[in-house]
Amino acid sequence: MVLSMDRWVGKVAIVTGASSGIGAAIAKALALNGMIVVGLARRKENVERLAKEIPRGKGKIYALQCDLLIEQNILDAFEWTAKNFGPVHVLVNNAGLIQNTNLHDGDSQMWKKVIDVNVMALCIASREAVRGMQANKIKGHIININSVLGHRIPFIMGQFSGVNIYPATKHAVTGLTEVLRLELVEQDSWIKVTSVSPGLVQTDILSSAGLNDSSIANVFDQIKVLDPEDVADSVVYALSTPPHTLITELTLQPVQEKF
């Protein structure tokens, strides 16, 4: 199998949650491989700063403010991208959210927010990407940034505050990835769908949720966790496969991770 990003040079990618962490690393990696990347984020200024890190002669990153909790924002983002750069060839559903609550007496609005970002926004963005790819006969690729918690819930997780509904949303991503793949196979489509499931990654997802002092946050001080660039490399690997080859699931974890 020959791995190459050549067929994506000059093509358009949308990356959700591109302002920091994994999303920023993915957006940068795709641009360095020659792609035109539209980074969706509420913090547009962060994506604009990231764009300045791409050397001349490579691809480009463009920042677009988008609140994934609002469906119309997502629809507008795809319309704006198509109008300014052409149809989307690659979608990376990266945006993810944890909220500091629990299940036994938790906040239902927090649950809903996590579901809306982690599941609904992913479905909406994937639908819009597929529509554009099919309309333009594009052999595109949709990559969902999942989690090891989308496949199993280790016993140790019971000690962690803040996890609550998050694993359920990631299990949903696992199911949605496979269902979409099978729907596209039924349509004789060449659009690829991949799930990338990292273990612990050094990002701000916990601090953004106010979970800096939680049990799960303490694990980050005990082992060498993944860097966002490690996940970005896995995305590039999946995209580098030949058109007839699909990485359906790619799981990566820190060597010392105990769950």
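This is a predicted model: local features need pLDDT of at least 70, side-chain atom pairs count only at pLDDT 80 or more; totals for chains, interfaces and linings use all residues.
With a relative accessible area of 60%, Met 1 is exposed. Together with Leu 3 and Tyr 237, Met 1 makes a nonpolar surface patch of about 310 Å².

Met 1 is also a contact of Thr 245, as is Lys 192, when neighbours of Thr 245 within four places in sequence are left aside. Thr 245 is found in the loop between α8 (228–240) and β7 (249–252). The relative accessible area of Thr 245 is 18%; because the limit for a buried residue is under 20%, Thr 245 counts as buried. Its side chain joins that of His 244 through a polar contact of 3.3 Å.

Turning to charged side chains, the count comes to eight salt bridges. One of them pairs Glu 53 with Lys 28 at 2.9 Å, N to O. This pair links distant parts of the chain, 25 residues apart: Glu 53 sits in the loop between α2 (44–51) and β3 (60–65), and Lys 28 in helix α1 (residues 21–32). Glu 53 is partly exposed at 44% relative accessible area, and Lys 28 is partly exposed at 29%.

Another salt bridge joins the side chains of Glu 71 and Arg 127 at 3.1 Å, N to O. Glu 71 belongs to helix α3 (residues 71–85) and Arg 127 to helix α4 (residues 108–135), so the pair ties together parts that are 56 residues apart in sequence. Arg 127 also meets Glu 128 in a salt bridge of 2.9 Å, N to O. Arg 127 is partly exposed, at 32%, whereas Glu 128 is buried, at 16%. Glu 71, Arg 127, Glu 128 and Arg 131 are linked in a network of salt bridges.

Conventions:
Residues are numbered from 1 along each chain as its sequence is written. Side-chain values use heavy atoms; hydrogens and water are left out. Patches are made of residues with over 30% relative accessible area and no salt bridge: like charges are joined within 9 Å, nonpolar side chains (Val, Leu, Ile, Met, Phe, Trp, Tyr) within 5 Å. Accessible areas come from the Shrake-Rupley method with a 1.4 Å probe; for residues, only the protein chains shown count as cover. A salt bridge is a side-chain nitrogen of Lys or Arg within 4 Å of a carboxyl oxygen of Asp or Glu. Buried means under 20% relative accessible area, exposed over 50%, partly exposed in between (1.4 Å probe, protein chains only). Helices (H or I, at least four residues) and strands (E, at least two) are DSSP runs, numbered from the N terminus. A polar contact is a pair of N or O atoms within 3.5 Å; within protein, one must be able to donate a hydrogen and the other to accept it, and residues adjacent in sequence count only if both atoms are side-chain atoms. Contact means heavy atoms within 4.5 Å.
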